[in-house]
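This briefing covers nonpolar cores and aromatic pairs. Please read it alongside the sequence and the model.

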Amino acid sequence: MFGKRGSNGNGQFGQGGQAGQEQASKQSKVDVQTQVEAIPSVELKPKQQVKIEPEPVKPIVEPEAKRSENYYDVKTTVFNALIDTIDLTQLANLNNDAAREEIRDIVGEILAIQNVIMPISEQEELIEDICNDVLGYGPLEPLLARDDIADIMINGAHDTFIEVDGKVLNSSVRFTDNMQLLNICQRIVSQVGRRVDETSPICDARLPDGSRVNVIVPPLALEGPTMTIRKFKKDRLTLHQLMEFKAISPEGKEVLEIIGKCRCNIVISGGTGSGKTTLLNCMTAYADKDERVITCEDSAELQLQQPHVVRLETRPPNLEGEGEITMRDLVKNCLRMRPDRIIVGEVRGPEAFDLLQAMNTGHDGSMGTLHSNSPREAISRLESMILMGGFTLPAKTIREMIVGSVDVIIQASRLRDGSRKITRITEVIGMEGEVPTLQDIFVYDILGEDDNGKLLGRHRSTGVTRPKFHERAEYYGEGRRLTEVLSNSEVTDEHGNPLGEANV
């Protein structure tokens, strides 16, 4: 069907009717024979059979065995023959499944003509790899298909690392060379209207599922193109699932539900890879379906399920350094779009001022994430980001704005055993002099670790059963439930006194 010599001058393949189709099929096979006859035959030795004894341990997370150089030699030979044989312009007119079947048929013919000797399973792997190279993201496809991988880190063509269960592992995935890796990087970023090359060597992009992609290429990356992919799960996580993963206790889950339903202004704080965006996605589930929600992000990755959502994304400058749309431009503009809630994917600059203004001017329930290691540090980070915008306001005025705008700070952390926990739910009370006052509502205590190095701990209430936002919870009919949940999750010492200090 897609042999280049099988088409007539009008771009149609073969003659009309059944006879024409048979003639086109014969011609296509002749083309394949002609293209590959001149290619030297390459024999791939079958894998050595190894008896594997079952072990009562955690399953191996690496799905691929190390492949020999002969495998990649055969793959390169067959791939080149395929490119010389197939008509890519006609292939582009087919849907993905039909195109994949067509490629499989032609590659099968090439393997038969070349009399390549390899196990059936390895031959299937070879065909699948070539299909991925033509239609997808090449060697990345098996990693992108796995839902247990959180991050994919590619350091040049021959070094790929993945993060599974909070641990970084070396993957057997490799690319033919840096040019193949660069082509895949360009294919990914071009899908969102961006480009990466020597003149523009740094780029942020996203995959169709919302996974975040960062690419940096030579001359800035010395070992070849470097790409980092923060993968998103295919199914959006919920607070209930976070509870099942023990990131939060059942009582803590209820507290977060109440905070979301009573439209508190929320800042989610945490370090890199601590689960801030995942938690933000979970919290947005409690926005009412009749609310107009506007999201502002550098790379659109939030997956809101409400029917009335407007998604905005920043834009980098063009080659002339013009046309840039910053996060602050988006936040300022969405204030004119009649939002009920404003959600900022990540606050990292002067847009913090505009988000606080929105929180303080009737857009209750607005949310954002930022990088910090504690709720107290989150307040300082907000103050610093406002000053980055060149605002010449007294420090006390900025802190009063923060205290008047933010109701709750939720701290997410990735612990040293790789687990992710919600470690603090803290409310912003007010000011004492020039110092903002915070109060922990819910905390996570680390009690030790087990024989496997996993940390043991517990979530508990700090003994504050009527937090500052209790009046807001009463307004939304959640006051009694909030008091009961906080009382039931309280942990006391032998004298009946609540553990820990509430004020921080």
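**Nonpolar cores and aromatic pairs**

The largest nonpolar core holds 37 residues, and those with the most contacts inside it are L256, I259, L279, M283 and I410. The model is predicted. A search of the whole structure also finds 2 aromatic pairs.

**Largest core**

- At least two residues of this core come from each of the helices α8 (239-244), α9 (250-261), α10 (276-284) and α16 (479-488).
- The strands β7 (266-270), β12 (408-414), β13 (420-432) and β14 (435-449) likewise each supply at least two residues.
- Leaving aside neighbours within four places in sequence, M283 is in contact with L239, L256, I259, G260, I266, I268, M367 and I410.

**Another core**

**Stacked pair**

- F353 and F391 form a stacked aromatic pair, with 4.1 Å centre to centre and 25° between the planes.
- This pair links distant parts of the chain, 38 residues apart: F353 lies in helix α12 (residues 351-359), and F391 in the loop between α13 (375-388) and α14 (395-405).
- Both F353 and F391 are buried.

**Edge-to-face pair**

- The ring centres of Y475 and Y476 are 5.1 Å apart and the planes stand at 85°, so this pair is edge-to-face; the angle cut-off for that class is over 60 degrees.
- Y475 has 67% relative accessibility and therefore counts as exposed, the cut-off being over 50%.
- Y476, at 33% relative accessibility, counts as partly exposed.

Conventions. Residues are numbered from 1 along each chain as its sequence is written. This is a predicted model: local features need pLDDT of at least 70, side-chain atom pairs count only at pLDDT 80 or more; totals for chains, interfaces and linings use all residues. Side-chain values use heavy atoms; hydrogens and water are left out. A nonpolar core is a set of buried Ala, Val, Leu, Ile, Met, Phe, Trp, Tyr and Cys residues joined through side-chain atoms within 4.5 Å. Buried means under 20% relative accessible area, exposed over 50%, partly exposed in between (1.4 Å probe, protein chains only). Helices (H or I, at least four residues) and strands (E, at least two) are DSSP runs, numbered from the N terminus. Contact means heavy atoms within 4.5 Å. Rings of Phe, Tyr and Trp (its six-membered ring) pair if their centres lie within 6.5 Å; planes under 30 degrees apart count as stacked, over 60 as edge-to-face and the rest as tilted.
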